Amino acid sequence: SWLITPCEPMPDEAVEALQLLEYLVLHEDTSEYCKRARRLLRDVYPKSSETDASLAFNTLVQHGIFRSDENLVLRRADLPMVFPAEVLEQATTFADSDIEEGRREDHRQLLTVAIDDQYTTEIDDAFAVEARSDGTWLVHVYIADAAAFIPAGSVVDQNAALRASTLYVPEGKVPMLPECLCEEAASLKTGVDRPALDFALTVDSEGSILGFDVAEVLIQVNSHLSYDLCDRLISGAEDHPASDTVKTVFRLADAIRSARRSGGSITLDRRDTTVVLDTDRQTQVTCWRTDDPSRRMVAEWMIAACSSAARWCYDHDTPTLYRTQRAPDEAPRIPTDRSLRGFELQRILRTLRKAELSTEPRPHAGLGVEFYTQITSPLRRYADLLMHRQIRAVLRTGRPYYSVNDLRQSFDAIDHVTSLQRTVERQSRRYWVLRRLESEVGKPVQVEVVRQLGRRFIVELVDWGLQCAWTPRRTPALGDVLEVTLSQVS
């Protein structure tokens, strides 16, 4: 009766019973816990036709332990969700620390622009550009100097290492760093002085990178633009104080992109989606393409900064977390005059090898660069924070902070946690898109046929970024875009 009708206070036996039911819902294995939970359900609901997991889930919802739309993928992952008190206390102290203005180059006079998704609160990159007398440009890729706030080995640092990166799910995010650091003191917010590392690239109009340098700087972001607004500035549909900066940075980014593609990069532009829950827990799905002008521009400068930083580390005999990728057995044919169609993308993806972390300097075939390391998201990725520490140490002392063995020890933990987080993010987005699609049952939807599996086909719902299997009455061709009726959502 305690399980059927919730009561307060709850007896200890009921608490234990609910814990058993929660274990059953999350694991559904053959353990003794699940066996006990199933016996309990048969005793309490002897005539129910529901499955054991469904009965257990509904009971937990009734008792307020789960929501009716509980993210079980996130629950099963058992990732740290709340910062310990000592981490929050130390982070608050770090957020108030001196940013050492005296030893930094002052770049506050440069018009500086940050470009992000409208939901971004951890702002870790920004741009400025200077025209040079010889007809080249100096493009500053500023990255938030998180290492200036977080000493190696501190409690905050140890907790960030356990989290490995920020987790993004439609319900919100689970940050790698406490918000007083990642959203406030270290974030490149508009109109305030912020420490940054400047990854400065000298570029000509053909997209050749002629020079590169790194420096500790002090900046002030003048404008924080959304991708949508940035697209309008690039097209000339809207004017803004940052218009000239955006157009110049875009033009140079496209020149670098063309040069990189000529060098053999595997540029896979695709559809993608952003899925968020609003304050009423309604799902908002936004579709976009990775080759939209502003996203293409930002991605290109991130690649340029990361590959140049990797080369800089190599030239300075600095142990580095390289991200490498071996070339496929056969180079894919990628059109240069149009975007890839869905079935073409799927075909190419099946030929690519997985990117790997390594301390050995090897090429990244997909990006078409000699060396590559990630340094652009130190507020969100622990590997980037490690590399910032490494670069800062070389700038200040001429010696790296970490040895090769130090970096290797971080491999397994980083790879394991980030792989688990990617699974949680992917499955969580899929779940919430499906919940949103429940309201579209009976309506027409557009699908693109992207792969054939015997008599079945994999189709992608064009406006939803979701793939599913389909058995049509008439055989379609790969690449066909069809209008079908959504009949059921599970």
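Four cavities of 30 Å³ or more turn up in this structure. The terms first. We work on a 1 Å grid over the protein atoms alone, and a cavity is a set of points where a 1.4 Å probe fits but cannot get out. Lining residues have an atom within 4 Å of a point. Grid points are joined across faces, edges and corners, and a volume is the space filled by probe spheres set on the points.

Now the ground rules. This is a predicted model, where local features need pLDDT of at least 70 and side-chain atom pairs count only at pLDDT 80 or more, while totals for chains, interfaces and linings use all residues. Residues are numbered from 1 along each chain as its sequence is written, and side-chain values use heavy atoms, without hydrogens and water.

Start with the largest cavity. Its space is about 50 Å³. Among its lining residues are Leu79, Pro80, Arg163 and Gln421. By class, that lining has six nonpolar, two polar and one charged residues. On classes: Ala, Val, Leu, Ile, Met, Phe, Trp, Tyr, Cys and Pro count as nonpolar, Asp, Glu, Lys and Arg as charged, and the others, Gly among them, as polar.

Next, the second largest cavity. It holds about 40 Å³. Its lining includes Tyr322, Arg323, Thr373 and Asp384. Two elements, β12 (322-324) and α12 (382-397), each give two or more residues. α12 gives the most, with three. Helices (H or I, at least four residues) and strands (E, at least two) are DSSP runs, numbered from the N terminus. The classes here are five nonpolar, two polar and two charged.

On to an open site. A pocket is an open set with protein on both sides within 12 Å along at least five of seven lines. The second largest pocket has a volume of about 320 Å³. It has 17 lining residues, and Cys468, Thr485, Leu486, Ser487 and Gln488 are the closest to its centre. Which strand gives the most to this lining? β16 does, with four residues. The classes run to 13 nonpolar, three polar and one charged.

Last, a helix pair. α9 (residues 243-262) and α10 (residues 293-315) pack at about 65°, axes 9 Å apart. They are therefore roughly perpendicular, a label for angles of 65 to 115 degrees. In the contact (heavy atoms within 4.5 Å), α9 brings residues including Phe250 and Arg257, and α10 brings residues including Met297 and Trp301. That contact divides into ten nonpolar, no polar and five charged residues.

Note on methods. Axes fitted to C-alpha atoms, helices over the stretch in contact; angles between N-to-C directions. Parallel < 35°, antiparallel > 145°, perpendicular 65-115°, else oblique.
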